[in-house]
Amino acid sequence: MQHRGPDGEGVSVFDLADGSLALGHRRLSIIDLSAAGLQPMKSADGRYTITFNGEIYNYVELRTELQTLGHRFRTATDTEVLLTAWSHWREDCLLRLDGMFAFAIFDQLRSRLVCVRDQFGIKPLFFHSGRDGNFRFASEVPALLETIDTPIALDWQRIHAFLLWGDYDDG
């Protein structure tokens, strides 16, 4: 995914009871060009780690609101604002977001990974849950396919249902 972000890279690995979790990121610096904006990014208390692709258009307003609630920021990034908003409001922060985004946030306290994309899917989030019990995700299909050992085949029944009825998810 080097072509997606020439301005930095990072990986965070977490040991879990039943395996491990790795979050990786390639950065394209737009808002805050400093190294402080590198991802994956940890929350101030270390509980949450995020990898984020996109832009939060109203991050300045959210940042101001969060500052009035006592939060301090060390970067000028919308990533840190999103991370702090999640830390403060949890899933309810999604109702406040104006933007195009896909992100994964890991809660170390609960050993819980949440993957989110904007409601229109402007920023894609592709995932695969394999027979091996592993869950993988990426913002591009080729990157995702690099992590999968088993051959991937088209599901002609899904294609038929989508073309005929617009149905893309029956589960």
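**Exercise 1. Is R112 buried, partly exposed or exposed?**

Before we start: this is a predicted model, where local features need pLDDT of at least 70, side-chain atom pairs count only at pLDDT 80 or more, and totals for chains, interfaces and linings use all residues. Residues are numbered from 1 along each chain as its sequence is written, and side-chain values use heavy atoms, with hydrogens and water left out.

*Solution.*
- Step 1: recall the classes: buried means under 20% relative accessible area, exposed over 50%, and partly exposed in between (1.4 Å probe, protein chains only).
- Step 2: R112 has a relative accessible area of 33%, so R112 is partly exposed.

**Exercise 2. Find the salt-bridge partner of R112, and say where both residues sit.**

*Solution.*
- Step 1: a salt bridge is a side-chain nitrogen of Lys or Arg within 4 Å of a carboxyl oxygen of Asp or Glu. Side chains of opposite charge can pair when their charged atoms come close.
- Step 2: the R112 side chain meets that of E91, at 2.9 Å from N to O.
- Step 3: R112 belongs to strand 6 (residues 112-117), while E91 is in the loop between helix 2 and strand 5; the pair, 21 residues apart, links distant parts of the chain. Helices (H or I, at least four residues) and strands (E, at least two) are DSSP runs, numbered from the N terminus.
- Step 4: E91 is at 34% relative accessibility and therefore counts as partly exposed.

**Exercise 3. Look for salt bridges across the whole structure.**

*Solution.*
- Step 1: the search finds four.
- Step 2: one of them joins the side chains of E65 and R96 (2.8 Å, N to O). Here E65 lies in helix 1 (residues 59-68) and R96 in the loop between helix 2 (78-89) and strand 5, 31 residues apart.
- Step 3: another salt bridge joins R158 and D167, at 3.7 Å from N to O.

**Exercise 4. Describe the surroundings of D107.**

*Solution.*
- Step 1: locate D107 in strand 5 (residues 99-107).
- Step 2: its relative accessibility is 5%, so D107 counts as buried.
- Step 3: leaving aside neighbours within four places in sequence, D107 is in contact (heavy atoms within 4.5 Å) with R47, Y48 and R112.
- Step 4: the side chains of D107 and R47 make a polar contact at 2.8 Å. That term means a pair of N or O atoms within 3.5 Å; within protein, one must be able to donate a hydrogen and the other to accept it, and residues adjacent in sequence count only if both atoms are side-chain atoms.
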